[in-house]
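Please look at the sequence and the model before reading on.

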Amino acid sequence: METSLSFVLQAIANGLAMGGLYILVALGLTLILSIMGILQLAHGEIYMIGAYLVYYLTSSLGISLYIAILISMGAMGLIGLVLERGIFRPCKGDFLSVITVAIALTLILRSYAVAQFGLFERTVPKLASGSLVFFGVAVPKDRFVAMLIAAAMSVALYLFLKMTRYGQAMFACAQNPEGARLRGINPDLISPMAMMIGCALAAAGGAIAGSIWMLTPTMGTLPLVKGLIIIVIGGMGSLSGAIVAGIFLGLMDGIIPVFFGPVVTSIAPLVIVVLILLVKPQGLFGHG
Amino acid sequence: MDSKRLLSIFGVLLLIVFSFAIAPFLGNPYWSSVLIMIVINILLTSSLRTIFILDEVSLGQVGFTLIGAYVSALVVMELGLSFWAGLILGGVASAFIAMAVGYPFMKLKGIYFSILTLMTTEILRLIAYSWKPVTGGQYGLTGIPSPNPLTLPGIGEINFSSMNNYYYLALTIVLVCLFIMYIIEKSHLSRKWIAIKDADNLALSVGINVMKYKVLNFTIACFFAGLAGGLFAHYQGLLSAGATGRFGVMTTLNLVIYMVIGGKSKFSGPIIGTIAIMLLMEFARPLDNLRPMLVGAVAIIFVLLLPEGIAGLPVRLKSIGKKYVSGVLR
């Protein structure tokens, strides 16, 4: 009884931490998708490069973890700006070109990481050491810090979108690009902003993942797939949907393996997504 | 039949003869194996482009090639059928599943269709990866026999266990498939697909059964993807469905790159693109881990500067030449 409770609590903590990471990736994906109309398949690689940047800053330059995460977020935001201006804007509107460019970016970033850092695993310092005790069960503290960071960033993004002029302009662009243009909102100003925010969030997610688990050049694939699952379940372009779906998916990933094993864990969300796409493609929380 | 058309038929025949003659000329099993993979990937990329005629990007061809591969391997190993029966059954199984899911799948468009097909591929891969009694689970399927020897009148018995001979076999099968695909491309079917792509409501209003033709498109494309899987299975002799293997996401992504670099709107595009990029990967061996970076850079350059791909190069050069000539004349 004691052990099973401990398993479940650990699973829930793990799941919520994973959910937080997935949300950070999915928020960026959905922002980029709804404002720029781009399926950013290289988003997982941005996450991976962001994590490696934190690794480099902490291990080689000895910068403390939290400052390194902030620097990495800023740097990946800038890279997002360059990517938007350099390769995504010129092929905007052509679906296949956008996908191809994103795939090419995946190849480039991943092979860079393999060549630069090698295939073996790296680690970043822990977010927090020690553990908290619930009902007599110890749960590692870093999971809670990860959740807190993810929650804080989601709230910050929400406030930015709701409270500021730029945030409102982003909403307008996502809802009706033509109308937004008529109201004097410049899409060439809003798109890079979406890309910057998306890449910065992905970098934060990657850094947190790197400090809880390991860094590998292929670490970006899983969050990309999870991010796609989340934006489908939550409805494309829906931020609150992404958050709810992210928590749901994280909990599934945390709890299902305890009872059913890894195979069901990886197949179940995919099957749910396929069913949702077939029955209600706008997602459970999407409009229209 | 004008002279231009004759010339192009002659050119294609010359290329076919060349592709048969190249293998003994290179004369080592390594290059034969590279050629075999090129030929298989050409078929797979062409099946991707068949769906792209509808302006949809399928990220699921690898999933259907997986079905073809496992079915053709299993019927040969478990039921003792011949290679040819296995190959056809693999294609048919893949086509059948495509037809079964086709109606709901083809209702989706754009991003939704791409995500759907990507997720479907992953589901199929994970099933193959974990269905231990049938697919061998994560250890995979081993000991898939190479095709039984074929006796041809006048030539004698051909044994396909050598790389070189398997290349001839794969090349012949793929050429036949490409010929069929080319006929389809020139037939009323592809006219209807283009009409659906351009304006599906208009197509519907002039009496084209839009869903029927879209499902047919998906089924045909997945049939050829299944055949490519069968060819792969009997060439490799073993199948495994790991995330980084043949049936992983990266293969799907590479197929898109081949198609775009070759030229997405021409029949020859996937053929040219697959050959060009796979040869580039071979000749860039000294770059080692940086080779995907090279391919990615080439892809970005093509998308930004030459979106019609290598197959669009002659037209582009002609228009540049014309501009230059008219500039000189003025």
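Two residues are in contact if their C-beta atoms, placed from the backbone, lie within 7 Å. In this predicted model, 35 residues of chain A are in contact with 34 residues of chain B. On the side of chain A that touches chain B, two or more residues come from each of the elements α4 (95–117), α9 (221–234) and α11 (262–279) of chain A. The largest share, 17 residues, is given by α4(A). The table sorts the residues on this side of chain A by class.

| Class | Residues on the side of chain A that touches chain B |
|---|---|
| nonpolar | 28 residues |
| polar | six residues |
| charged | one residue |

Chain B itself is considered next. Its secondary structure comes to 14 helices and four strands. The radius of gyration of chain B is 21 Å, close to the 20 Å that the globule rule gives for 330 residues, so chain B is as compact as a globular protein of that length. Along the principal axes, the C-alpha atoms of chain B fill a box of roughly 75 × 50 × 45 Å. Of the 330 residues of chain B, 44% count as buried. Among the contacts in chain B between residues at least 6 apart in sequence, 72% join residues at least 24 apart.

B:Val295 lies in helix α13 (residues 291–305) of chain B. Is B:Val295 buried or exposed? B:Val295 is buried, because 24 other C-beta atoms lie within 10 Å, and the cut-off for a buried residue is 20 or more. Leaving aside residues up to four places away in sequence, B:Val295 touches A:Leu107, B:Ile257, B:Ile277, B:Leu280 and B:Met281.

Conventions. Residues are numbered from 1 along each chain as its sequence is written. Chains are lettered from A and ligands numbered from 1 in the order in which they are written. This is a predicted model: local features need pLDDT of at least 70, side-chain atom pairs count only at pLDDT 80 or more; totals for chains, interfaces and linings use all residues. Ala, Val, Leu, Ile, Met, Phe, Trp, Tyr, Cys and Pro count as nonpolar, Asp, Glu, Lys and Arg as charged, and the others, Gly among them, as polar. A residue is buried if 20 or more other C-beta atoms lie within 10 Å of its own, exposed if 12 or fewer, and partly exposed in between; C-beta atoms are placed from the backbone. The radius of gyration is taken over C-alpha atoms; the globule rule is 2.2 Å times the number of residues to the power 0.38.
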